[in-house]
Amino acid sequence: MPHPYVLLSAAVSLDGYLDDTGPERLVLSGPADFDRVDEVRASVDAILIGAGTLRTDNPRLLVNSPGRRAARVAAGRPEYPLKVTVSTSGDLDPGALFWHTGGEKVVYTTDRGAERACEAGIAADVVPLGPEVDWRRLLEHLHDERGVRRLMVEGGGIVHTQLIQQQLADELQLVLAPLFVGDPGAPRLFGPGAYQGGRLRLVETRAIGDVVLMRYEPTAPGSGRLASPADRHWLRMACELAERCPPSATAFSVGALVVAADGTELARGYSREGGDPVVHAEEAALAKVDGADPRLPGATVYSSLEPCARRASRPRPCARLILDAGVRRVVTAWREPDTFVEAADGAGVLAAGGAETVVLPEYEERAKAPNRHLLG
Ligand SMILES: NC(=O)c1ccc[n+]([C@@H]2O[C@H](COP(=O)([O-])OP(=O)(O)OC[C@H]3O[C@@H](n4cnc5c(N)ncnc54)[C@H](OP(=O)(O)O)[C@@H]3O)[C@@H](O)[C@H]2O)c1
Ligand SMILES: [Zn+2]
């Protein structure tokens, strides 16, 4: 199911707090960083905060720069991004600035929360999502019903923690402010619980006045049929590898990676790599991993094209090599067409061997690009 791109944005103290416990909101970043946040807001379709932040901070969540608002309008977008909040209880103050500034607003809540919010006269579209609020349903609703393609999440900690732990965040923009809070009762950015995978990927650092912006992307593969944001990153990389294949008039150009459950890349490969005229991408990648590596059963193979089910040039097709390596999860962009073999069904071979294949069709065009000459 399609989701918006989810960008988490937060500022923390050196000791990892989002705020102190005083009545006023703690100012963590400076004017230059507020301007950067304004720019990010202007770039998104919607901004989401948890009801806790709404109650504590009473934020407006506007695009403050008139120039940026004018540019949005000139581009045919609403002047302000959609404002979104999420609440189980429906305990929302109808007088909060959130409802009375900016553009459209939507509240995702439970059935009981919706009754309460409506009784309170909340000036927003109130969407009940059943007995509890499921983040995947919320994101699908934003995508399908509200046309949201880029969502910025501005906290607080409860919301950020859930989105990271459920592998729904595409990016984290974290600002580190040079001050201490020192109060264990203050809210933290990330709370306890199960985090998937190991290290995130650092994609940028930037000094902005006396604060530092760090941008991270998660690296952990999804599980089973559930795709994670990192799945898209790795599949995109497989498509880039496919571009490196020596050209062929008789075989596909494919890229592949093997990635452990903690997001560590174990190997990569591409078709005809190293001058071998028949080697396939998955085969080239798997050949670089020690067959006894204990990470293989939890690993995911990313292949720009569905692994082959039959081939003339080798005794074992790639779907079999993957199963024999112990891998039980494959993510691909494109099912194999009948160009070289009839009724190719690598996913079927994988399923029969107990492995899941996830197809992300949004990468199909990229995977096909180096193979145009074969597709007629
Ligand atoms: N430094 C920063 O960048 C930054 C940014 C934002 C906020 N903050 C600070 O963070 C603090 C507030 O954060 P917080 O962690 O207490 O609260 P929060 O994450 O803003 O909101 C938590 C609330 O959101 C609702 N919620 C969360 N997950 C939900 C789900 N799956 N389904 C339905 N409702 C859900 C619940 O509302 P109900 O209780 O209504 O059910 C929950 O109590 C404030 O002190 C604020 O200043 C700092
Ligand atoms: Zn193959």
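This is a predicted model: local features need pLDDT of at least 70, side-chain atom pairs count only at pLDDT 80 or more; totals for chains, interfaces and linings use all residues.
Helix α2 gives the most to the shell around ligand 1, contributing six residues.

**The site of ligand 1**

Ligand 1 sits in the largest pocket. The elements that supply two or more residues to its shell are β1 (5-12), α2 (51-57), β3 (82-87) and α7 (157-165). In total, 26 residues surround the ligand, and D19, T53, R55, S87 and S89 are the closest of them. Sorted by class, this shell comprises 11 nonpolar, 11 polar and four charged residues.

| Residue (backbone N or O atom) | Atom of ligand 1 | Distance |
|---|---|---|
| A11 | nitrogen | 2.8 Å |
| L18 | nitrogen | 3.0 Å |
| V86 | oxygen | 3.4 Å |

Taken on its own, ligand 1 has 920 Å² of accessible area, and the protein covers 84% of it.

**The zinc site**

Ligand 2 is a zinc ion, and its protein donors are H280, through ND1, and C308 and C318, each through SG. These donor atoms lie 2.0 to 2.4 Å from the zinc ion. Along the chain, the donors follow the spacing H-x27-C-x9-C. The pair H280 and C318 links distant parts of the chain, the two residues being 38 residues apart. H280 belongs to the loop between β11 (265-270) and α9 (281-286), whereas C318 belongs to helix α10 (residues 318-324).

**Backbone features**

The peptide bond that runs from G155 to G156 is cis, and its omega is near -5°. G156 is located in the loop between β6 (150-153) and α7; helix α7 is also among the elements that give two or more residues to the shell around ligand 1.

The other place is N58, which has a positive phi of about 50° although this residue is not a glycine. N58 lies in the loop between α2 and α3 (66-74). Helix α2 is the element noted at the outset for giving the most to the shell around ligand 1.

How values were computed:
Residues are numbered from 1 along each chain as its sequence is written. Chains are lettered from A and ligands numbered from 1 in the order in which they are written. Side-chain values use heavy atoms; hydrogens and water are left out. A residue is near a molecule or strand if one of its heavy atoms lies within 4 Å of it. A polar contact is a pair of N or O atoms within 3.5 Å; within protein, one must be able to donate a hydrogen and the other to accept it, and residues adjacent in sequence count only if both atoms are side-chain atoms. Accessible areas come from the Shrake-Rupley method with a 1.4 Å probe; for residues, only the protein chains shown count as cover. On a 1 Å grid over the protein atoms alone, a cavity is a set of points where a 1.4 Å probe fits but cannot get out, and a pocket is an open set with protein on both sides within 12 Å along at least five of seven lines; lining residues have an atom within 4 Å of a point. A molecule sits in a cavity or pocket if more than half of its atoms lie within 2 Å of its grid points. Helices (H or I, at least four residues) and strands (E, at least two) are DSSP runs, numbered from the N terminus. Ala, Val, Leu, Ile, Met, Phe, Trp, Tyr, Cys and Pro count as nonpolar, Asp, Glu, Lys and Arg as charged, and the others, Gly among them, as polar. Donors are N, O and S atoms within 2.8 Å of the metal (3.2 Å for Na, K and Ca); water is not among the atoms, so sites may look incomplete.
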